[in-house]
Amino acid sequence: MDWNLWALKKSVWVFHVNTGACNNCDIEIVNLLTPKFDVERFGIKLVGSPRHADALLVTGGGTRQAAVRLKEVYRQTAKPCIVFCMGACACGMGIFEKGYHMAGPIDTILRQVDPDAIIAYVPGCPPKPEAMIMGVVKALAALQPKEKYATERMGQAVVANPA
Amino acid sequence: MTVVLQNAFWILIFPGLAFTLAVGLFASWLVRKVGALVQYRVGPPVYQPLADVMKLMGKEILVPQEGHRTVFIAAPLVGLAGVLLLSTILWLATAGISYVGDVIVAMYLMVFPSLALILGSSASGSPHAAVGAGREMKLVLGYELPLVLALIVVLIKTAGWTEPGEQLSLVAISQRASVLSVSGALAFIVALLCVQAKLGFVPFDIAESESELSGGVLIEYSGALLAVWKLMQAMMLVALPLFLVVVFLGGIDPSGLSFVWGIGKFVLVLVLVILIKNTNPRVRIDQAMRFFWLYCGLAMVVAVILASIGHYRGIAWL
Ligand code: SF4
């Protein structure tokens, strides 16, 4: 049994990044953290600094202004980390697809920094908190111990400053 | 040689590192679980703090570029070492092993974690951490005075029962529960609030405030270094309530049924701390200073006077 992986699955600290969402997804994420859904049962906890985070909850399609910040936040996050694209916007820019101000979607932006970023998608406009829990559970179940996820990715090159 | 070995055993295994860590991780689960129950939730499973620490151990350590590398890495270890010695001294005192003056050593060791936090956060070079360090420093200035005065009350009360000079040892202090007198009860309440601030719990989590400083003093720490901070906080959760039990509530008697009563006292203090944590909003730093210096300070001056009167007139309940 891989203890590192077990611990990571049992204790996911999340950091919330808004990259130009319409705020509906953010409300649902805040809803997810209320006593009603009680995600602390699964060890999920909201933290204030990306240095402490294991997962980034990204909402919004990734505007040109936000893309720079998103890359910076990703670089500051202690690896290994998982990125969750919450909502249709984050998965594929959603209704903002044709916007002049978009740099997204999120996965394209992140792959510029780290080609091997681990990205999970939770579609919906906005996704229900139940859907988000399901997404997180499925993504965690998909992490394989044989990838030596927790140790091998450490120290792997993350492009220093692509901008 | 055997003395060195025995001391090493004491510090690293039995009442020290291994044992205190186990109790501390359990206590930090208790904090989260009781907090969850207060909010009508289920709360985390019992292995949650262990999983958190194990996960952090497997993560990347980031050292900020503008930071001071050596201090940044050494600070959590210094803090952990301080709490480790503190808890060893306190556990040994409950077992009757103590020396004259260990109260003062314990008082000094109790400042170590806050000092390490201030050092580590100032070394990280982040403005958020700097604000957090400033707040922590003010908080230390605030609660040290009432805490020392509360200890003086206990020392005055103990002086009536032991040889002159002997009252400075933890074993002598823990012979009787000084909380069973007016001044002692006052001192206990104030010391409990000081311990709340030392633990960095609501209403005094000003230095770490998640909502405006986003982690404050700990903001730049990640991976194993953050894990060491978490372990330090878990051990403080054992050491500081134990300090209150030893000093104010008559200690833990390790023989027979009274041992269960001793554990009960420890859990009682812990639950008091958790309930204060869960029923209060965070105060501002100026409110905290005013609270500690003005109200707690005045209360403690009154308590010292009462205790002295009681000592010279021979009135035990004062
Ligand atoms: S997915 Fe829908 S709800 Fe979420 S940010 Fe986009 S438009 Fe708003």
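Okay, let's start where the two chains meet: 30 residues of chain A are in contact with 28 residues of chain B, contact meaning heavy atoms within 4.5 Å. Together the chains bury about 2400 Å², and 55% of that is on carbon and sulfur atoms. Buried area here is the accessible area, with a 1.4 Å probe, that two parts lose on being put together, summed over both. On the chain B side, B:Lys55, B:Lys59 and B:Glu60 supply 25% of the area that chain B buries against chain A, more than any other three residues.

Quick housekeeping. This is a predicted model, where local features need pLDDT of at least 70 and side-chain atom pairs count only at pLDDT 80 or more, while totals for chains, interfaces and linings use all residues. Residues are numbered from 1 along each chain as its sequence is written, chains are lettered from A and ligands numbered from 1 in the order in which they are written, and side-chain values use heavy atoms, with hydrogens and water left out.

Next, the ligand. Which residues surround it? They're A:Ala21, A:Cys22, A:Asn24, A:Cys25, A:Gly87, A:Ala88, A:Cys89, A:Gly124, A:Cys125 and A:Pro126, with a heavy atom within 4 Å as the cut-off. Helices α2 (24-32) and α4 (88-92) of chain A each give at least two residues to that shell; helices are DSSP runs of H or I, at least four residues, and strands are E runs of at least two, numbered from the N terminus. By class, the shell has 7 nonpolar, 3 polar and no charged residues. Nonpolar means Ala, Val, Leu, Ile, Met, Phe, Trp, Tyr, Cys and Pro, charged means Asp, Glu, Lys and Arg, and the others, Gly among them, are polar.

Now the cavities. There are 3 of 30 Å³ or more: on a 1 Å grid over the protein atoms alone, sets of points where a 1.4 Å probe fits but cannot get out, with lining residues having an atom within 4 Å of a point. Points are joined across faces, edges and corners, and the volume is the space filled by probe spheres set on them.

Of its 18 lining residues, B:Leu117, B:Glu136, B:Lys198, B:Leu199 and B:Gly200 are the closest to its centre. The lining splits into 11 nonpolar, 3 polar and 4 charged residues.

Helix α6 (residues 129-142) of chain A gives the largest share, 3 residues.

Note on methods. 1 Å grid on protein atoms, 1.4 Å probe; cavity = no way out; pocket = protein on both sides within 12 Å on 5 of 7 lines; lining within 4 Å.
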